[in-house]
Amino acid sequence: VNKRTVKQFIKSNIILFILVLIVFGYYLSKKSQIPRKSDEVLVHESTNTQRVYGDKRVFDFADEISESEEESLERYIHEVENEISMDIVIVTLNESLKEYAEDYCNRYNMAMVSPDKYVMLYADEFWEVNKFGYDKPQILDGTQNSGDGVILVDNLFREPETGRIYTWMATTGRAETRYSSEDIDYALDVFYDNLDEDYTHGLMSFVTQVKYDLDTEIVDLAFKPFAVIVAAIVLVIYIIVNVIPRSGKVTTNANTYVSPGGANFAVHEDRFLYKNVTKVYDPPSSSSSSGGGGGHHSSGGGGSHGGGGHSR
Amino acid sequence: MNFQCKNCGGNMVFSPKMQKMYCPYCDGTDCEEKRGDASVTVCYSCGGEISADEFTSAKKCPYCGNYLILDPRVEGVYEPKEILPFKLSKEDAVKAMDKEFEKRIFTPSSFLSDKTLENLEGMYVPFFLYDFFANADYTGKGTKIRAWRSGNYRYTETSYYDIVRKLNVDFKKIPADASAKAPDSVMDLMEPYDYNDNVSFNPKYMSGFNGEVYNDSSDKFIERAKEKAIKSVNTLINDSISGYSSVTRTDGNVSLNNDNTAYALLPVWVYKYSWAGKEYVYYVNGQTGKVIGTTPISALKVVIFGIAKAGLVWGLVELLSRLFGGLVS
């Protein structure tokens, strides 16, 4: 590698060099303000000792699953919790939440919510009151700094207003930062897709999905695969572009050897023949989806939750 | 023949810079005297034997460096109608290559060194310049599609057209090289030459350069020129058809009438460079300075610098994604 090549390389990449320097400088100046996600020890023992129900995670109020199923689900949840350092809570209900929601909204001076959000209120409050959260119970300060975990509430009671069953997945703390509305939708889809076969299987699949989602997060925070992929693409393109021998560009065109005014159209006609029109019935698509991302919101009590619901 | 300085007897050469005959020994200009006669393949100055192959028309004496022009190869049937004298001096050709290869950073450092530049030589390449009159007919079908929506219905309107073109084109001086030594693809890339600089042939322009005569008669090379003419006609027709969603050619024909052919010599600087046991040849248009040729590439260097570049990009994206929180999580 000679000097000339190095010089030329720097010259042709000067903008990139400057960009890296600027961004690096900016990064250093902002470093203290960036959430220290990647430095965090992500996998750790639970430090929450205040949970009202201790180690209990499955609350089958609807009596949908057998004792033994409940036990094995609980075991599985604990196993996953230790791997991803998140609480996973599952609640099944079979009761109208209308009165509960009215009461909740009155208590916190909120406008009444629609039936699909009854489960949301329930999930948020259940989480906060029972002090779930792998790291510590959620501090109700409106931030995502505490109460790591997810809760799934499936209310099998069909609210008379809509006749549907509503399900809510709420995310708190680190899980709230991690989960987008799309991811929540997807996790709920996984639950719905599997519950017809067997209800417990649906719940198990949901837990597996959460494990997958949050496991990926741990890997992602270690390094950004996106950046590595971009760099790899750049490398491949760079090698291809530089290894393919270049000879020279064609610098003649269609008119190069035509004498001045030497190209004349004796006939230049575009004759219209006929036309036909086809008409297709295609009404504007109306949404048939009954799900919906709840996104981020604050509970009446002031805790920050992410969430999304589906119905069936 | 060769050209001798009236003042000092030195070998005079054509200077692209001055566009005059020049004596490198006494700096005299335009004071040449033609010497010699037919079939001379012996150097006037040193008496050395000049080995010339069957197409050589001008050559440098390998012993004393004087330039000889072989009379029988520039006279009679071999007399070019026109010649485009070199516009670029040797130094200009080096500059043109330097500029071109500056961008290709993986060329070896010896690439344009003084030592290897001894292998840079000017060459008059024989060309036939063909004039054609082209008559082209074209018919095709075109469709135009328009779509819109009204209420619960989607409408698609397709309009059909007949496309008819008759085009006459007068082509002047489409070049095709008549030398086996000059690769066709390279000579095509050398184009275009500006023929406004062409002059009537005079052997003095060849002094100081190598030269060749056409290797075969003009009808042997005409197909290449025809191809260029047909390509040009097709492009002109295609350019005249616009505004359609789809076009299908149904019939078409191009007839070419070759009404004139001229034999001409066009200037090319040729640089031979050996690297890692392989010979690379570069061509510089002696008029425009356009450079053609592939450079030797060290794959290892490319990989090293590729990794360096990828590292920079990785750093940039990594920092950005940390700053702005997971572009892709």
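A salt bridge is a side-chain nitrogen of Lys or Arg within 4 Å of a carboxyl oxygen of Asp or Glu. By that rule, the side chains of A:Arg57 and A:Asp87 form a salt bridge, with 3.8 Å from N to O. The structure discussed here is a predicted model.

**The interface between chains A and B**

- In the contact between the two chains, 70 residues of chain A touch 78 residues of chain B.
- Together the chains bury about 7,100 Å², and 64% of this area is on carbon and sulfur atoms.
- Two salt bridges are counted between chain B and chain A.
- A salt bridge joins the side chains of B:Arg165 and A:Asp270, at 3.2 Å from N to O.

**Helix packing across the interface**

- Two packed helices are described by the angle between their axes and the distance between the axes.
- By class, the residues in the contact of H9(A) with H4(B) are 18 nonpolar, two polar and two charged.

**Helix packing within chain A**

- Helix H4 (residues 98-107) and helix H5 (residues 118-129) of chain A pack at an angle of about 65°, and their axes are 9 Å apart.
- H4(A) and H5(A) pass each other in a left-handed crossing.
- From H4(A), the residues A:Lys98, A:Tyr100, A:Ala101, A:Tyr104, A:Cys105 and A:Arg107 take part in the contact, and they meet A:Tyr118, A:Leu121, A:Tyr122 and A:Glu125 of H5(A).
- The contact of H4(A) with H5(A) comprises seven nonpolar and three charged residues, with no polar residues.

**Salt bridges in the whole structure**

- Side chains of opposite charge can pair when their charged atoms come close.
- Over all chains, 27 salt bridges are found.
- In the A:Arg57 and A:Asp87 salt bridge, A:Arg57 lies in the loop between helix H2 (14-30) and strand S1 (58-60) of chain A, whereas A:Asp87 lies in strand S2 (residues 87-93), so the pair ties together parts that are 30 residues apart in sequence.

**Local backbone features**

- Most residues other than glycine have a negative phi, and most peptide bonds are trans.
- A:Asp63, a residue other than glycine, has a positive phi near 55°.
- This residue, A:Asp63, is in the loop between S1 and helix H3 (67-84) of chain A.
- The peptide bond from B:Glu191 to B:Pro192 is cis, with omega near 0°.
- B:Pro192 belongs to the loop between helix H2 (184-190) and strand S10 (199-200) of chain B.

**A contact between residues apart in sequence**

- B:Thr250 is part of strand S12 (residues 246-275) of chain B.
- B:Thr250 and B:Thr139 are 111 residues apart in sequence, and 5.7 Å separates them in space, C-alpha to C-alpha.
- Apart from its neighbours within four places in sequence, B:Thr250 is in contact with B:Thr139, B:Gly140 and B:Lys141.

Definitions and conventions: Residues numbered from 1 in each chain as written. Chains lettered and ligands numbered in written order. Predicted model: local features only at pLDDT ≥ 70, side-chain atom pairs only at ≥ 80, totals over all residues. Heavy atoms only, no water. Nonpolar A, V, L, I, M, F, W, Y, C, P; charged D, E, K, R; others polar. Contact = heavy atoms within 4.5 Å. Buried area = accessible area lost by both parts, 1.4 Å probe. Helix = DSSP H or I, 4+ residues; strand = E, 2+ residues; numbered from the N terminus. Axes fitted to C-alpha atoms, helices over the stretch in contact; angles between N-to-C directions. Left-handed = near helix turned anticlockwise from the far one by under 90°.
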